[in-house]
Amino acid sequence: MCENEQTMVSVGDTITALATPNGTGAIAMVRVSGALCGALAAAIFGREAKNLPEGRQCYSDYRALDERILDDVVWGFRRGPKTFTGEDTLEICTHGNPLIVQLVLGDLLARGCRSAEAGEFTRRAFLSGRMDLTQAEAVMDLIHAQSERALQAARLQLQGGLGRHLERLIGALLEILARIEAYIDFPDEDLPTEDRGLVVDSLANVLRGTERLLATHRYGDMLRDGFKTVLLGLPNVGKSSLLNALVGRDRAIVSSEPGTTRDFIEERMHIGPHLLRLIDTAGINPSPGAVECLGMEKTFERLPEADLILWVIDGTEPLPTPPQQLMPYLTPDRVFLVRNKADLIGGGTATAEGDGFKGTGDLGAVSLLSVHTVSAFTGAGLDDLRAAIIVRADALRRSVAGDEHLAINARHADALSRAGAALSAARAGLVAAVPAPIELVSSDVRMALDALGEVAGRVDNERMLDALFSTFCIGK
Amino acid sequence: MSSDLQIYEVIVCGAGHAGCEAALAAARMGARTLLLTGNLDTVAQMSCNPAIGGQAKGQIVREIDALGGEMAINTDLTGIQFRLLNESKGPAVQSPRAQCDKKAYQFRLKHTLELQANLHLFQATVTGLIFSNGRAGQREVVGVRTNLDLEFHGRTVIVTTGTFLRGLMHIGQNKNEGGRLGDFSAKTLSTSFIEAGIELQRLKTGTPPRIAGRSIDFSKMEAQRGDAKPTLFAYHDTRDDGPLFHVEHDMIGREQRLGWVPGSDQVPCWLTHTTERTAKLVRDNLHLSAMYSGEIEGVGPRYCPSIEDKFVRFADKPRHILYLEPEGRATNEYYINGLSTSLPFPVQVEMVRSIPGLERAELIRPAYAVEYDFAPPTQLLASLESKLVENLFFAGQINGTSGYEEAACQGLVAGVNATLKGRGQSPLVIGRHEGYTGVLIDDLVTKGTSEPYRMFTSRAEHRLLFNHGSAELRLEHHARTHGLLSNTRLARIATKRVQVDQWVTQFEVTRPGSDLGLGQGTWGDWLRRRQSGTDGGVQLDVLPEAFLALASAVRDEVLYRVTYAGYLAREVRHVARLQEVEKIKIPASFDFGAVQGLRTESLAKLKATRPLSLGQASRISGVNPADISILMIHLDTRRRSL
């Protein structure tokens, strides 16, 4: 149930966070502090742990756990105690793209780091005596201001949907814990027969709720960063023209020369109530040249983060086979099939199948996609496409029922995913062929409560006892 | 007014479970100690049920033993039934429990006090404290006044008033002053506390009727017997041979009692239950109950409700289980566990007789509720010394707790700390990660309590580390630092630790021979597979012979640590993370008002509780992480500017 918990970390875990402001910029810096830094640098940048260059800036590919290269980065490693925090420190400068930052942070968490709490780097700096009086005073003012702001923001959010949702989850978890603890702490009492099935079901419910909240991480990103819409298609189907038509001015370099767009072109625009981020990518060429190949890889890299993929095809041509890399995302809620050049054919919106496409081979998942026939040239069909995009963006928001403004940030997501993992472990322990000792299940449930408490505020054990004593008649 | 001319190092007021441990701890550390009690015949009296231990409490008793206290050995030697609770669950939540012979328990403990060097016993009721102005102008206690017009002077005073401080007993509308039926009430001492600015509040507790055994029809009840292999409380594997005292302390006499053989000749308890008629009697007479007619202002415990509470709050539950517990071998008196009430006596009689097997029961003592003063424990330091009066320590029910074990462990800590205070040494503070005693005291002084506080295993966030077998290993360093155990015993504990550590390592690096057919991996892997049921069935006797030859206390500890290694490692990491903030101390003289930026609510709570570490501050409900950051930076700034 906790296989990877075997290795012991001496004192304090390794923490990480983005050190530069959130958002797009020239560079972004991710800071890591703690005992793992050396091992991390060695693993990520393919160095020998013993011979890590110290205090020098190095230039390397960032290789993630799954061997993918996330970015080329500049990094520096310093051994404690002569660092900001007094601990081993690793600083990684990536290109200033929030997606890259997200991937890097995600990778570091997967490698055993923990998201730093607000002010935690500074706290460690104090603990190791790395700050003098004047610095301390300056940072105190800063943290004060920050925490007041953060507090205000958090309070607003906690009064709203997130707080209510978390409170519901915490309430349910406290009841689960009360059900478990009653049988541990009062074994001689005349309690009803222990109902583990009920506990398993309730755990599954809380787990679902946690995952649903986690899903809003995406919506939270969308609110901050916009609804990410990637334009994808073969060269010369008119992706850039479509982008310009949607934006309403010549942003992309529109050219009839195939393969002109080799890098990203990104445009932000308001569409209905949403901020739309239209990302135009290099065309997908079945037999790409060397330069285009680079662009294409970048295109596919953008797919996982895309809230919506507009698969643009030339309406005058038969339906092409979808590119392999698109296959994992080929569902009606992620991909719209956009038939451009409607001015050269007839108009209308239908499913791929209903429209009587003459596709190449089995249509499969493609047949379920909604098809939008547009003309970037005349503007025909664009309003319908806009409306459909709004519907998609709205649908994303509704992934948490009953709350329309719910959005969690990366720190919340980290805590929630730890809660989720602990809940899964608890559930697994209960349903195992030989169930785990109940105090271990309780330990997992408490981990989940602690994690939720990091977002909602510390959950006092008194509340579990309140639940216990109101549920069971205890007392000989 | 005359006075005893000597100046004691420690004066203990009250000889209940807290007072006895306090006096013994102080005297065993070599402090000249005076133990005052209103009645020497009720020393270490079990005022309520005749049992020691149970969930979490059993572990506390083992911790008391690990710190040189008396409760564990006294229970082993006077117990008449032993059971290990939660045997079907994991070791962390298994707890020993024992029924005791109440009189034997008292007599042995009284005799222990009598034989203890450096300890002076005296029967007198403390009526007030003697204060003077200390060095920094702070009020300090210098002695006590008694009802005999005798004054006693001491460097430190430990107050353990139990339920006696303005104790008021209720049976229906009948009221009697006193802390226990047949005993007195300490009425004037409260004035001393109020004079010193110590706030007092009221709590309530209750006890069921006692009946004559000859009037019970046991054939209508189910017997509950002790374990064939009793689990004892004291660490007999490391205990000194010979007399049951600290060998290096002077003994006035040799052990003179005939010890009972622990766990021999056990007696059963008996199970029965309430009936519809019991429920009807309660409902019909609810208006006559002291608790339901508004006679009682004190708050009672939720985990120990009166029978009135049970029928009112859980009206859908048709009946409630009752246990008849013998009060001892040489008495015919039985305790009806589960029938605590403050209904009028005639109703109690009818109620008892509505229970199967008790149709002809003779009540020999009525049930009653008792209200008493307690001093909210957030007025204490973690050493159990008052923040308002220097050298004054509190232990037991006056701190809002309930239970013999909870009282005893506080008494022990207060006795040690009063001695240390008098000698100008820093106090014994047991961490929340070290044992239930640490959790108990930290909860009390940090959060306070609104009902009589009882320990539950679920109150301890690091419960998995608190298996009852490991108390000695967890607390050894405290015992060593303060000289609470004999050198022989400390040496034996050290040996035990080495053995445990060696075998834990060995099981993680060596593999069972392939001829055993135990599958891949180390012994540790096999043990964990065995526990999770994926490789069950094979008995532990395949383990190496050298291991099987070890003492069972060592074997059990090794098996626990190996089998639960993953979870225990997670706990240890959690503890390490929390320790970082625990290490940052807040001076007692710290002015929270000078910290800019704290929220008003937090400031008020911090001022009221006066935490002594950042960790303690973070556990005060209502103080949020931002406040803690601000506080931390302020503390650091302050430290550097000094």
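Modeller: A:Glu54 is a place to begin: its relative accessibility is 44%, so A:Glu54 counts as partly exposed. Keep in mind that this is a predicted model.

Colleague: Which side chain does A:Glu54 meet in a salt bridge?

Modeller: A:Arg79 is the partner, with 3.2 Å from N to O. A:Arg79 sits in the loop between E4 and E5 of chain A, and A:Glu54 in the loop between helix H1 (37–45) and strand E3 (58–63), so the pair ties together parts that are 25 residues apart in sequence.

Colleague: And A:Arg79, how accessible is that?

Modeller: A:Arg79 has a relative accessible area of 34%, so it is partly exposed.

Colleague: Where does A:Asp88 lie?

Modeller: A:Asp88 is in the loop between strand E4 (69–78) and strand E5 (89–95) of chain A. A:Asp88 is buried and has no salt bridge.

Colleague: Why no salt bridge?

Modeller: The nearest side chain of opposite charge is A:Arg79, 4.2 Å away.

Colleague: Which backbone nitrogen lies 2.8 Å from a polar atom of the A:Asp88 side chain?

Modeller: That of A:Gly80. A:Gly80 is also among the residues that A:Asp88 touches, leaving out those up to four places away in sequence. The list includes A:Val32, A:Ser33, A:Cys37 and A:Phe77 as well.

Colleague: Change of topic. How many helices and strands does chain A have?

Modeller: Chain A has 12 helices and 13 strands. Of its 476 residues, 51% count as buried. Among chain A contacts with a separation of 6 or more, 67% are between residues 24 or more positions apart.

Colleague: What about the secondary structure of chain B?

Modeller: Chain B comes to 19 helices and 20 strands. Its buried residues make up 63% of 642. For contacts in chain B with a separation of 6 or more, residues 24 or more positions apart account for 73%.

Colleague: What radius of gyration does chain B have?

Modeller: Chain B has 26 Å. A compact globule with 642 residues would have a radius of gyration near 26 Å, so the value agrees. The C-alpha trace of chain B spans about 75 × 75 × 55 Å along its principal axes.

Colleague: Now the inside. Which residues touch the most other members of the largest nonpolar core?

Modeller: B:Phe193 and B:Leu392, in a core of 127 residues. Helix H9 (residues 404–422) of chain B gives the most to this core, with 10 residues. Apart from that core lies another, of 47 residues, among them A:Leu166, A:Leu174, A:Ile176 and A:Leu416.

Colleague: What does B:Leu392 touch?

Modeller: Leaving out residues up to four places away in sequence, the contacts of B:Leu392 include B:Leu129, B:Val141, B:Val157, B:Phe193 and B:Ile198. B:Glu385 and B:Ser386 are also among them.

Colleague: Is B:Ile336 buried or exposed?

Modeller: B:Ile336 is buried, with a relative accessible area of 0%. B:Ile336 is in strand E17 (residues 333–337) of chain B. Beyond four places in sequence, B:Ile336 touches residues including B:Pro208, B:Pro209, B:Tyr323 and B:Val352.

Colleague: Back to salt bridges. How many over all chains?

Modeller: The count is 56. In one of them, B:Arg139 pairs with B:Glu195, the closest N and O atoms being 4.0 Å apart. B:Arg139 lies in strand E8 (residues 139–146) and B:Glu195 in helix H5 (residues 189–195) of chain B, so the pair ties together parts that are 56 residues apart in sequence.

Colleague: How accessible are those two?

Modeller: B:Arg139 is partly exposed at 29% relative accessibility, and B:Glu195 is partly exposed at 48%.

Colleague: What does B:Arg329 form a salt bridge with?

Modeller: With B:Asp265, where the closest N and O atoms are 3.7 Å apart. B:Arg329 is in the loop between strand E16 (321–326) and E17, and B:Asp265 in the loop between strand E14 (222–224) and strand E15 (269–273) of chain B, so parts 64 residues apart in sequence are tied together. B:Arg329 is partly exposed at 31%, whereas B:Asp265 is exposed at 58%.

Colleague: Which residues do salt bridges with shared partners join into one network?

Modeller: B:Arg432, B:Asp442, B:Asp443, B:Lys447, B:Glu461, B:Glu582 and B:Arg619.

Technical notes. Residues numbered from 1 in each chain as written. Chains lettered and ligands numbered in written order. Predicted model: local features only at pLDDT ≥ 70, side-chain atom pairs only at ≥ 80, totals over all residues. Heavy atoms only, no water. Helix = DSSP H or I, 4+ residues; strand = E, 2+ residues; numbered from the N terminus. Buried < 20%, exposed > 50% of the residue type's maximum accessible area, 1.4 Å probe, protein only. Lys, Arg positive; Asp, Glu negative; His and termini not counted. Polar contact = N/O pair within 3.5 Å; in protein donor to acceptor, adjacent residues only side chain to side chain. Contact = heavy atoms within 4.5 Å. Core = buried A, V, L, I, M, F, W, Y, C linked by side-chain atoms within 4.5 Å. Rg over C-alpha atoms; globule rule 2.2 N^0.38 Å.
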